[in-house]
Amino acid sequence: MSSRTLNLDDTLYDYLLSHSLREHPAQTALRAATSSHARGGMQISPEQGQFMALLVKLTGARQTIEIGVFTGYSALSVALALPEDGHILACDISDEYTRIARPYWEQAKVAHKIDLQLAPALTTLDARLAAGAAGQYDFAFIDADKSAYDGYYERCLQLVRRGGLIAIDNVLWSGSVAAPAEDADTAALQQLNLKLHDDERIDLSMLPIGDGLTLARKR
Ligand code: SAM
Ligand code: CA
């Protein structure tokens with residue numbers, strides 16, 4: 001017994017997946033397709049996708065934001081959990097990556113819920129704010145370029161309603177946040193982690209799932 005979070009070795013991780021993972025066939029197929037992609041390591045883990053889907057259902061989210069789509073697994077996980085009239089404002093700059101996603105979104109019959117905006121996410125988010133969308137979103141997932149995380153967080157904090165949830169990915173950055181920063185991405189994550197710890201605008205939990213996931217609930 002331990003009062004700390006367990007380290008998962010391969011055997012225990014396999015056990016966790018084999019005793020809990022429930023994927024739509026389109027999710028399984030998209031993971032298989034992405035595993036051979038040169039940047040496939042950017043995809044979230046399947047248990048994280050399932051956890052985020054549960055969060056979406058628990059919070060009754062309908063209007064959501066995703067910053068960083070890649071080949072579309074996290075968007076697919078969230079879209080499957082959304083009600084039929086639910087919606088994802090999906091932000092990415094890469095047509096090359098995101099064009100892989102669409103057939104799988106269609107296979108799962110959720111493509112109509114996903115509004116993919118190919119532009120720098122700050123531009124897309126600022127346009128939503130300028131259009132008066134502050135407070136209109138229930139859930140946001142931040143998983144794009146780490147140097148801009150603080151800007152994404154501040155926009156999402158305006159765009160989600162009170163009680164809305166912001167999930168921020170890679171906050172442990174393979175453990176490198178716990179040592180002096182050797183690059184700009186690590187430094188950006190360290191600064192955001194420090195800021196959120198004392199941020200009275202949110203309720204906070206940092207989870208050691210995947211590469212570290214912070215949950216921030218807007219007060
Ligand atoms: N959430 C995805 C998944 O589950 O597969 C992984 C996202 S991947 C870690 C990061 C993505 O952010 C890439 O697809 C990249 O094209 C995108 N990106 C990088 N800079 C961006 C920017 N300024 N605005 C929007 N997207 C950006
Ligand atoms: Ca990530």
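Which residues come nearest to ligand 1? Of the 20 residues around ligand 1, the nearest are Met-42, Gly-68, Phe-70, Ser-74 and Ala-144, where a residue counts as near if its C-beta atom, placed from the backbone, lies within 6 Å of the molecule.

Before I go on, please keep in mind that this is a predicted model, in which local features need pLDDT of at least 70 and side-chain atom pairs count only at pLDDT 80 or more, while totals for chains, interfaces and linings use all residues. Residues are numbered from 1 along each chain as its sequence is written, and chains are lettered from A and ligands numbered from 1 in the order in which they are written.

By class, the shell around ligand 1 has 12 nonpolar, 5 polar and 3 charged residues; here Ala, Val, Leu, Ile, Met, Phe, Trp, Tyr, Cys and Pro count as nonpolar, Asp, Glu, Lys and Arg as charged, and the others, Gly among them, as polar. Helix H4 (73-81) and strand E2 (87-92) each supply at least two residues of that shell, helices (H or I, at least four residues) and strands (E, at least two) being DSSP runs numbered from the N terminus.

Let me stay with H4. The axes of helix H2 (residues 25-35) and H4 come within 10 Å and cross at roughly 175°, with axes fitted as lines to C-alpha atoms, for helices over the stretch in contact, and angles running from 0 to 180 degrees between N-to-C directions. H2 is therefore roughly antiparallel to H4, a term for angles over 145 degrees. The contact, meaning C-beta atoms, placed from the backbone, within 7 Å, involves Ala-26, Gln-27, Leu-30, Arg-31 and Thr-34 of H2 with Tyr-73, Leu-76 and Ser-77 of H4.

Now to the core. The largest nonpolar core has 56 residues, and Leu-76, Val-78, Ala-79, Ala-140, Ile-142 and Ile-166 have the most contacts inside it; such a core is a set of buried Ala, Val, Leu, Ile, Met, Phe, Trp, Tyr and Cys residues joined through C-beta atoms within 7 Å, and buried means that 20 or more other C-beta atoms lie within 10 Å of a residue's own. H4 gives the most to this core, with 7 residues.

Finally, helix H8 (residues 149-159) has as its buried residues Tyr-149, Tyr-152, Tyr-153, Arg-155, Cys-156 and Leu-159, and their cover includes strand E5 (160-169) and helix H9 (184-197). The axes of H8 and H9 come within 9 Å and cross at roughly 35°, and the contact is made by Tyr-149, Asp-150 and Tyr-153 of H8 and Ala-188, Leu-189, Gln-191 and Leu-192 of H9.

Notes:
Angles under 35 degrees count as roughly parallel, over 145 as roughly antiparallel, 65 to 115 as roughly perpendicular and the rest as oblique. Two residues are in contact if their C-beta atoms, placed from the backbone, lie within 7 Å. A residue is buried if 20 or more other C-beta atoms lie within 10 Å of its own, exposed if 12 or fewer, and partly exposed in between; C-beta atoms are placed from the backbone.
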